[in-house]
Amino acid sequence: MRFSVYRFDPDRDDKPRMQDFDLELQPNDHMVLDALLRLKQIDDSLSFRRSCREGVCGSDGMNINGRNRLACITELRSLREPIVIRPLPGQPVIRDLIVDLTQFFEHYHSIRPWVVDNRPMPEHERLQSPEERSTLDGLYECILCACCSTTCPSYWWNPEQFIGPAGLLQAYRFIADSRDQALDERLDFLEGPFRLYRCRTIMNCTEVCPKGLAPSHAIEQIRKLQFGRSF
Amino acid sequence: MAGGERLLGGLRAWTWQRVSALYLLGFGLVLAIRLVATPLADYAQWHAFWTAPPMATATLLAVVSLAVHAWVGGRDVILDYVRPRSARPVALALLGLLIGLAVARFAVALLAALG
Amino acid sequence: MKTRPVFLDLFRIGQPIGAIASILHRASGLLLVLALLVLAVLFEYSLASPEGFAAVRQILAGPLATLALIVLAWALAHHVLAGIRHILMDTGTGWRLAQARRSALAVIVTGLVCAVAAALALIF
């Protein structure tokens with residue numbers, strides 16, 4: 001199979017380049033990550049992040065044939081050759097397919113991704129009914145792979161100020177949580193023209209999420225709540 | 001969170017954009033139907049069409065809605081693309097000027113025809 | 001430290017149908033705003049006097065103006081249809097991916113159909 005891979009070595013290269021490979025695959029090489037590991041056997045300098053190899057850690061998000069995917073769960077036979085592999089768009093490239101996601105995680109931290117409850121401790125557990133728990137379905141499964149935010153044009157144009165689909169989905173995950181007591185503050189934090197309202201519902205995020213989540217819908221739910229309490 | 005953020009407001013702008021859009025949609029539909037249904041062969045008919053009190057009022061409202069809608073939309077484009085950030089107030093001012101001039105012209109034309 | 005490169009070649013990043021409907025929504029909006037001043041002037045003249053009315057009629061009959069009107073007709077049609085799609089999604093209709101893709105395609109196609117219809121109406 002033919003591959004074309006984005007290469008950039010900060011110690012040697014002034015600018016990035018594409019390197020072509022023709023790879024002899026083994027019978028149990030099914031996923032792009034399998035191919036990347038074989039490519040690394042040919043050229044040991046090829047660098048990329050990976051860990052669980054089963055689509056749950058979110059490490060190996062990259063742009064494969066023009067679309068952000070997780071390399072470990074993207075089947076090789078579903079892709080047209082040459083398979084073009086590039087890093088996630090819009091983010092500074094540290095090396096080869098490894099991008100700097102500092103800002104992405106800063107946005108995540110900014111929305112306070114934990115349950116806020118400053119009331120005195122109850123005598124028993126803080127209870128949550130199955131119905132209340134079900135409101136977190138479609139939100140808790142996010143693995144912070146950054147495929148969504150790095151495919152969002154609004155995030156490309158304003159990465160410093162716009163929180164991005166992943167951060168906003170996580171914001172909603174805590175807004176929707178029945179145990180959380182900070183609803184008004186969370187909604188306040190997301191008013192203003194930039195943090196949430198750069199979103200134009202382009203829906204690239206939902207198109208691309210490898211876990212099948214819908215950040216655009218979560219953002220819409222936040223808007224609904226903000227609207228509901230204002231009017 | 002800066003006071004400026006609250007003033008510009010994301011929710012407020014978004015709501016005004018939707019409200020103005022809905023009014024313009026309704027107005028546009030009624031206008032389209034009436035334009036097709038009414039004979040408008042000469043100046044007298046054209047003038048009468050626009051200066052009838054219900055039409056004139058609805059049109060003035062539409063012109064204001066248009067200003068609001070175009071402002072929110074244009075502002076979004078500027079906030080997305082205009083770099084450096086210090087250039088944004090200038091761009092926003094130019095947008096305001098363009099929309100303001102157009103809308104003023106529409107309104108003045110209609111009011112002059114009425115008066 | 002060297003500046004880190006960024007991969008953002010828009011021609012190499014595949015854009016789904018929703019993204020296309022969205023960028024056209026923005027482009028059509030910009031076209032309409034730019035046309036506003038011209039339309040305002042034309043409206044003013046047409047309403048001011050019979051001579052103005054006749055003059056505007058003649059201007060609009062010209063080939064360049066006809067082309068501009070066809071483009072504006074497309075812009076208006078696409079912008080309104082895409083706007084309706086957005087408002088429906090705001091109220092919870094059609095937010096699922098499959099539905100959103102279908103509605104995006106419908107908006108794009110209908111907009112083009114409207115432009116063709118306008119072209120036919122204006123030319124004949």
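## A tour of chain A and its two partners

Begin with the pair A and C: their contact (heavy atoms within 4.5 Å) takes 30 residues from chain A and 25 residues from chain C. Before going on, note that this is a predicted model in which local features need pLDDT of at least 70 and side-chain atom pairs count only at pLDDT 80 or more, while totals for chains, interfaces and linings use all residues. Residues are numbered from 1 along each chain as its sequence is written, chains are lettered from A and ligands numbered from 1 in the order in which they are written, and side-chain values use heavy atoms, with hydrogens and water left out.

**Stop 1: A against C.** Show both surfaces. About 2500 Å² is buried between chain A and chain C, and carbon and sulfur atoms give 60% of that; buried area is the accessible area (1.4 Å probe) that two parts lose on being put together, summed over both. Now select A:Asp100 and C:Arg4, a salt bridge whose closest N and O atoms are 3.2 Å apart. The rule (a side-chain nitrogen of Lys or Arg within 4 Å of a carboxyl oxygen of Asp or Glu) finds 2 salt bridges across this interface.

**Stop 2: A against B.** Switch to chain B. Here 21 residues from chain A meet 17 residues from chain B, and the buried area is about 1800 Å², with 51% from carbon and sulfur atoms. Pick A:Trp157, A:Pro193 and A:Arg198: they supply 27% of the area that chain A buries against chain B, more than any other three residues.

Then select A:Glu160 and B:Arg83, whose side chains meet in a salt bridge (3.9 Å, N to O). The count between chain A and chain B is 4 salt bridges. On the side of chain A that touches chain B, helix 6 (183–189) and helix 8 give two or more residues, and helix 8 gives the most, with 5 residues.

Stop 3: Finally, hide the partners. Chain A holds 8 helices and 7 strands, and its C-alpha atoms fill a box of roughly 60 × 35 × 30 Å along the principal axes. Of its 231 residues, 55% count as buried, meaning under 20% relative accessible area (1.4 Å probe, protein chains only).

Notes
Helix = DSSP H or I, 4+ residues; strand = E, 2+ residues; numbered from the N terminus. Buried < 20%, exposed > 50% of the residue type's maximum accessible area, 1.4 Å probe, protein only.
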